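The account below goes through the pairs in sequence order.

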Amino acid sequence: MPNKLEDVFTEWQNNAEFRDAFKKDPIKALDAWGFKLDETDLKKMLKFKQDNEKLDDRISK
């Protein structure tokens, strides 16, 4: 049964280790933490990663 996106976002907010791993390799991080997402939610998470990287770039300038 797929996890809810809410579960992944909660982990993202509360777990720096997961967040760092997700930034490096989102698919590997999701798998390592036991998250199983359907294709639609996985695409949303990958877009979230891409959008977050753009924000990180702006903040670090």
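What follows is a walk through the salt bridges of a predicted model.

A search of the whole structure finds three salt bridges. One of them joins the side chains of Asp31 and Lys36, with an N to O distance of 3.1 Å. The lysine of this pair, Lys36, has a relative accessible area of 45%.

Helix 4, which spans residues 39–60, holds Glu39 and Lys43. These two residues are four positions apart, or about one turn of the helix. A salt bridge links Glu39 to Lys43, and the closest N and O atoms are 3.4 Å apart. Both Glu39 and Lys43 are exposed.

Further along helix 4, where do Lys47 and Asp51 stand relative to each other? Lys47 and Asp51 are four residues apart, so about one helical turn separates them. Their closest N and O atoms lie 3.1 Å apart, and the pair forms a salt bridge because this distance is within the 4 Å cut-off.

Are Lys47 and Asp51 buried, partly exposed or exposed? Lys47 has a relative accessible area of 48% and is partly exposed. Asp51, at 34% relative accessibility, also counts as partly exposed. Neither residue is classed as buried, because that class requires a relative accessible area under 20%.

Notes. Residues numbered from 1 in each chain as written. Predicted model: local features only at pLDDT ≥ 70, side-chain atom pairs only at ≥ 80, totals over all residues. Heavy atoms only, no water. Buried < 20%, exposed > 50% of the residue type's maximum accessible area, 1.4 Å probe, protein only.
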